[in-house]
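Please keep the sequence and the three-dimensional view at hand while reading.

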Amino acid sequence: MLSSNSYLALHETTEEDRLVNEEFEWAASRASGFLRDSVIAEFSAKLNQVEMLPCSGAALTVAMHRAGINMRFLGLLAARAALPHVHDLLVVEMVARQAKHLLAQNLLRQQLRSGAHLHGDGLSRTTVELRLREVEMERRETVTDFFNLLLGETPASIAYWTNVIVPAV
């Protein structure tokens, strides 16, 4: 859905500003309704009638973007999916996108922690090179730990899915 505040001025100063903002609000609401009730409904019907069957996340992304649908509507499409394989494709794409986001966050946190130790006056080249190797090992460990949680069947993995992945999707 489009943000209802997309076109609001920081400060409405006149009656004309208020009317213009109401007009933008109305237009944004109508566009959002059209997208949800027409464009997404038509796309969903094509998926359910197998008129279109993307066979990968990349093909799904291309098809949605060509139809003018943002990927944030994957959940709505999944809720409207009548065929199990279509539903599964949409859910897998949602999980994959959330996993990518979480991995990027984890790597950024690890990089920020590691970066603090790389900068310092008077560090020798050897010390910096050793620290860079340590950072690379930490990065590999972060990625390995993430995929073990994402793809594993341990109690920690189950807890990760229950507390992080499912609520985010």
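## A buried charge and its partner

Glutamate 93 counts as buried, because its relative accessibility is 12%, where buried means under 20% relative accessible area, exposed means over 50%, and partly exposed lies in between (1.4 Å probe, protein chains only). This is a predicted model, in which local features need pLDDT of at least 70 and side-chain atom pairs count only at pLDDT 80 or more, while totals for chains, interfaces and linings use all residues. Residues are numbered from 1 along each chain as its sequence is written, and side-chain values use heavy atoms, with hydrogens and water left out.

Arginine 97, the partner of glutamate 93 in a salt bridge, is partly exposed at 29% relative accessibility. The closest N and O atoms of these two residues are 2.8 Å apart, and a salt bridge here is a side-chain nitrogen of Lys or Arg within 4 Å of a carboxyl oxygen of Asp or Glu. Both residues lie in helix α4, 4 residues apart, which is about one turn of the helix.

## The chain as a whole

The secondary structure of the chain comes to 6 helices and 0 strands, where helices (H or I, at least four residues) and strands (E, at least two) are DSSP runs numbered from the N terminus. Of the 169 residues in the chain, 28% are buried. The accessible surface comes to about 11,500 Å², and 59% of that surface belongs to carbon and sulfur atoms; such areas come from the Shrake-Rupley method with a 1.4 Å probe, and for residues only the protein chains shown count as cover.

Contacts, meaning heavy atoms within 4.5 Å, can also be sorted by separation along the sequence. Among contacts between residues at least 6 apart in sequence, 57% join residues at least 24 apart.

## The nonpolar cores

In soluble globular proteins, nonpolar side chains tend to be buried together. A nonpolar core is defined here as a set of buried Ala, Val, Leu, Ile, Met, Phe, Trp, Tyr and Cys residues joined through side-chain atoms within 4.5 Å. The largest such core has 20 residues, and Phe43, Leu60, Met64, Ile69, Leu74 and Leu90 touch the most other members. Helices α1 (15-48), α2 (57-66), α3 (74-80) and α4 (84-115) each supply at least two residues of this core, with the largest share, 5 residues, coming from α1. Apart from this core lies another, of 9 residues, among them Leu102, Leu103, Leu150 and Ile165.

Leucine 74 touches Leu60, Met64, Leu90, Glu93, Met94 and Arg97, when residues up to four places away in sequence are not counted. The list therefore includes both partners of the salt bridge described above, Glu93 and Arg97.

## The two sides of helix α2

Which residues of α2 are buried? They are Gly57, Leu60, Thr61, Ala63 and Met64. These residues lie on the same side of α2, because they cover an arc of only 165° around the axis, the arc being that of the directions from the helix axis to the C-beta atoms. On the other side of α2, Ala58 and Arg66 are exposed. Just after α2, glycine 68 takes a positive phi of about 85°.

## Aromatic rings

A search of the whole structure finds 2 aromatic pairs. Rings of Phe, Tyr and Trp (its six-membered ring) pair if their centres lie within 6.5 Å, and planes under 30 degrees apart count as stacked, over 60 as edge-to-face and the rest as tilted. The rings of phenylalanine 146 and phenylalanine 147 have centres 5.4 Å apart and planes at 75°, so this pair is edge-to-face. Phenylalanine 146 is buried, with a relative accessible area of 2%, whereas phenylalanine 147 is partly exposed at 37%.

Phenylalanine 146 also forms an edge-to-face pair with tyrosine 160, at 6.3 Å centre to centre and 90° between the planes. This pair links distant parts of the chain, since phenylalanine 146 is in helix α5 (residues 125-151) and tyrosine 160, 14 residues apart from it, is in helix α6 (residues 155-168). Phe146, Phe147 and Tyr160 form one aromatic cluster.

## Further salt bridges

Side chains of opposite charge can pair when their charged atoms come close. A search of the whole structure finds 6 salt bridges, including one between glutamate 42 and lysine 46, whose closest N and O atoms are 3.5 Å apart. Another joins arginine 131 to glutamate 138 at 3.3 Å between the closest N and O atoms; arginine 131 is buried at 12% relative accessibility, and glutamate 138 is partly exposed at 30%. Salt bridges that share partners join Arg131, Glu134 and Glu138 into one network.
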